[in-house]
Amino acid sequence: MQPLILLSAGRQPNQYSARRAASVLYGEAVAKAGGLPAIFAGGEAEALAERFSGLLLIGGGDVDPARYGAQRLPTDEIDETRDVEEFALADAFIRRERPVFGICRGIQLLNVYFGGTLRQHIPDHADGVSHAVTAVPGSRIETLCGGAFLTNSWHHQAVGELARGLRATAASADGTAEAVEHESLPVFAVQWHPERMIAGLCADVPTDHLRLFAHFVGLCRAQPDGGLRCG
């Protein structure tokens with residue numbers, strides 16, 4: 001059975017409205033891993049958390065620093081409507097103990113959701129630069145990706161003070177937290193973009209991270225109602 005997985009989405013404002021937008025690579029990665037992806041197009045978070053088996057929080061702009069007690073910087077790119085939507089989605093899925101996988105903005109949002117802070121501007125991690133990441137021995141990331149590997153880097157913010165309940169499970173050489181997982185909930189996240197590191201889809205670096213999506217889809221399938229649900 002294919003678990004139905006909700007993908008968050010950015011917004012592209014124009015004169016009259018805001019069109020939902022998400023790289024097709026996220027959905028293709030979920031589908032390649034055996035899930036059935038659907039892009040968030042609005043709706044009530046509680047109802048969506050009842051319908052979908054898991055939530056994928058994708059990359060995008062910056063979380064409003066007011067949510068973690070900081071002032072905005074000129075480099076911040078804030079979409080307050082997206083923040084409201086995604087924090088509501090995260091809350092609805094997490095309270096039901098449904099699997100949540102965060103990517104790039106997703107790791108940052110989850111850290112803030114659980115009470116942590118962010119580093120607001122680290123420009124040397126932007127523009128797709130590749131770098132080495134080391135995983136914590138025995139962690140989910142080590143099991144899925146190995147003890148050390150190359151990743152891409154498309155972000156200018158990162159986890160700051162780690163939230164209670166989360167543990168950092170991978171780091172770059174400068175100490176930036178590159179992955180986190182919750183101590184008891186099926187919630188994990190990475191700072192890099194694994195959807196851009198899959199053979200046959202996109203290959204920023206010679207490291208295939210389809211296993212991250214396969215693990216996430218497996219968690220969703222293991223839900224009591226984790227089969228295909230389109231009604």
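Mentor: Strands are DSSP runs of E, at least two residues; helices are runs of H or I, at least four; both are numbered from the N terminus. The model is predicted: local features need pLDDT of at least 70, side-chain atom pairs count only at pLDDT 80 or more, and totals for chains, interfaces and linings use all residues. Residues are numbered from 1 along each chain as its sequence is written, and side-chain values use heavy atoms, with hydrogens and water left out.

Trainee: What makes β6 and β13 paired strands?

Mentor: Two strands pair if DSSP finds at least two bridges between them. Four bridges join β6 to β13 (residues 187-190). That meets the cut-off, so they pair. The two run parallel.

Trainee: How many aromatic pairs does a search of the whole structure find?

Mentor: Six. Rings of Phe, Tyr and Trp (its six-membered ring) pair if their centres lie within 6.5 Å; planes under 30 degrees apart count as stacked, over 60 as edge-to-face, the rest as tilted.

Trainee: Why is the F101 and F216 pair called tilted?

Mentor: Its centres are 5.6 Å apart and its planes make 55 degrees. That angle falls between the two cut-offs, so the pair is tilted. F101 lies in β6 (residues 100-103) and F216 in helix α6 (residues 210-221), so the pair ties together parts 115 residues apart in sequence.

Trainee: Why is the Y113 and F114 pair called edge-to-face?

Mentor: The planes stand at 80 degrees, with 5.0 Å centre to centre. That is over 60, therefore edge-to-face.

Trainee: Buried or exposed: what is F114?

Mentor: Buried means under 20% relative accessible area, exposed over 50%, partly exposed in between (1.4 Å probe, protein chains only). F114 has 18%, so it counts as buried. Y113 has 23%, so it is partly exposed.

Trainee: How do you know that the charged end of R67 sits over the ring of F87?

Mentor: The test needs NZ of Lys or CZ of Arg within 6 Å of the ring centre and within 35 degrees of the ring normal. R67 passes, at 4.1 Å from the centre of the F87 ring.

Trainee: Which strands stand at the edges of the sheet?

Mentor: The open sheet has nine strands, in the order β4-β1-β5-β6-β13-β12-β11-β8-β9, with mixed pairing. β4 (36-39) and β9 (148-151) have a single partner strand each, so one side of each is left without a neighbour in the sheet.
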